[in-house]
Amino acid sequence: MKLTILSGQSGSGTTSAKYTFEELGFLITENPPVESIDKILEVYKEPKYQNEKICIMVPSYNYLDVMNKCWADKEIDAVGVLLTTSVN
């Protein structure tokens, strides 16, 4: 399964990125409770989702926990998108 994990600081453009992913045809799961990530990953591994583009949005404080779960599962090909912002 190919999966994108999207996260970022407040004001970094995560909502805009989400809309872009939606326009590109991704299925979006937005800010699920971290306790439910294992179940969500199991559902998305079902055959009916194998050809889908999937994006899970998570708060930045859960980003590493979710990425570690994905990296530990050999059936998941995960890429992370972590958006940041700067103040000038």
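**Notes on the fold and helix H3**

1. The chain exposes about 5,500 Å², and carbon and sulfur atoms supply 51% of that area (Shrake-Rupley method, 1.4 Å probe). This is a predicted model, in which local features need pLDDT of at least 70, side-chain atom pairs count only at pLDDT 80 or more, and totals for chains, interfaces and linings use all residues. Numbering starts from 1 along each chain as its sequence is written, and side-chain values use heavy atoms, with hydrogens and water left out.

2. Now the layout: the chain has 3 helices and 4 strands (DSSP runs, H or I of at least four residues for helices and E of at least two for strands, numbered from the N terminus). From the N terminus on, their order is β-α-β-α-β-α-β.

3. On overall dimensions, a compact globule of 88 residues would have a radius of gyration near 12 Å, and the chain agrees with 13 Å (taken over C-alpha atoms; the rule is 2.2 Å times the number of residues to the power 0.38). Buried residues make up 40% of the 88 (buried: under 20% relative accessible area; exposed: over 50%; 1.4 Å probe, protein chains only).

4. Helix H3 (residues 63–72) deserves a look: Tyr63, Val66, Met67 and Cys70 are buried there. They lie on the same side of H3 because they cover an arc of only 100 degrees around the axis (from directions of the helix axis to the C-beta atoms). The face turned away from that buried side carries exposed Leu64 and Ala72.

5. What do the buried residues of H3 pack against? Their partners are strand E1 (2–8), helix H2 (37–44) and strand E4 (77–83), with contact meaning heavy atoms within 4.5 Å.
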